[in-house]
Amino acid sequence: MDFGRFKYEETKKRQEAKKKQSSFQMKEIKVRPKTGDHDLQTKVGHIKKFIGKKNKVKVTCMFRGREITLSALGRELLARVAEETADVATVEQMPKFEGRTMFIILAPK
């Protein structure tokens, strides 16, 4: 077999494998414990759009100053987001605290 032909076929195989490979991005949505209902609905719409494009979404609840005492409110907010996106997304990681932020990771079903 001709070496040039061999190299050509190898590159074609690699290109074909690359085409079939699925990839995703991690998108992030940031909310605060006192985020209003309408703003939250808008962000849920964005989350559904990202999930529809097969991306994972990290929903981050940020606490400033004395808001850190409202951690229960933040956990409730993240649970509400997970509940509203339950038809298109699954919770990959439950709410987790890191410093002054709490986050949850949603993945497409």
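Tutor: The discussion below takes up charged pairs, aromatic rings and a surface patch. Please note that this is a predicted model.

Student: How many salt bridges does a search of the whole structure find?

Tutor: Side chains of opposite charge can pair when their charged atoms come close. Here the search finds 6 salt bridges. One of them joins Arg-32 and Glu-67, whose closest N and O atoms are 2.7 Å apart. This pair links distant parts of the chain, 35 residues apart: Arg-32 is in the loop between strand 1 and helix 2, and Glu-67 in the loop between strand 2 and helix 3.

Student: Is Glu-67 buried or exposed?

Tutor: Buried means under 20% relative accessible area. Glu-67 has 13%, so Glu-67 is buried, while Arg-32, with 25%, is partly exposed.

Student: Which residues are linked with Arg-80 in a network of salt bridges?

Tutor: Asp-37 and Glu-84 are linked with Arg-80 in that network. Arg-80 and Glu-84 are about one helical turn apart, because they are separated by 4 residues in helix 3.

Student: Why is the pair of Phe-63 and Phe-97 stacked?

Tutor: Planes under 30 degrees apart count as stacked. The planes of Phe-63 and Phe-97 are at 15°, with the ring centres 5.6 Å apart, so the pair is stacked.

Student: Which residues make the nonpolar surface patch?

Tutor: Met-1, Phe-3 and Phe-6 make this patch of about 410 Å². Met-1 lies in the segment before helix 1 and, at 77% relative accessibility, counts as exposed.

Technical notes. Residues numbered from 1 in each chain as written. Predicted model: local features only at pLDDT ≥ 70, side-chain atom pairs only at ≥ 80, totals over all residues. Heavy atoms only, no water. Patch = residues over 30% accessible without salt bridge, like charges linked within 9 Å, V, L, I, M, F, W, Y side chains within 5 Å. Areas by Shrake-Rupley, 256 points an atom, 1.4 Å probe, with all protein chains shown as cover. Salt bridge = Lys/Arg side-chain N within 4 Å of Asp/Glu carboxyl O. Helix = DSSP H or I, 4+ residues; strand = E, 2+ residues; numbered from the N terminus. Buried < 20%, exposed > 50% of the residue type's maximum accessible area, 1.4 Å probe, protein only. Phe/Tyr/Trp six-rings, centres within 6.5 Å; stacked < 30°, edge-to-face > 60°.
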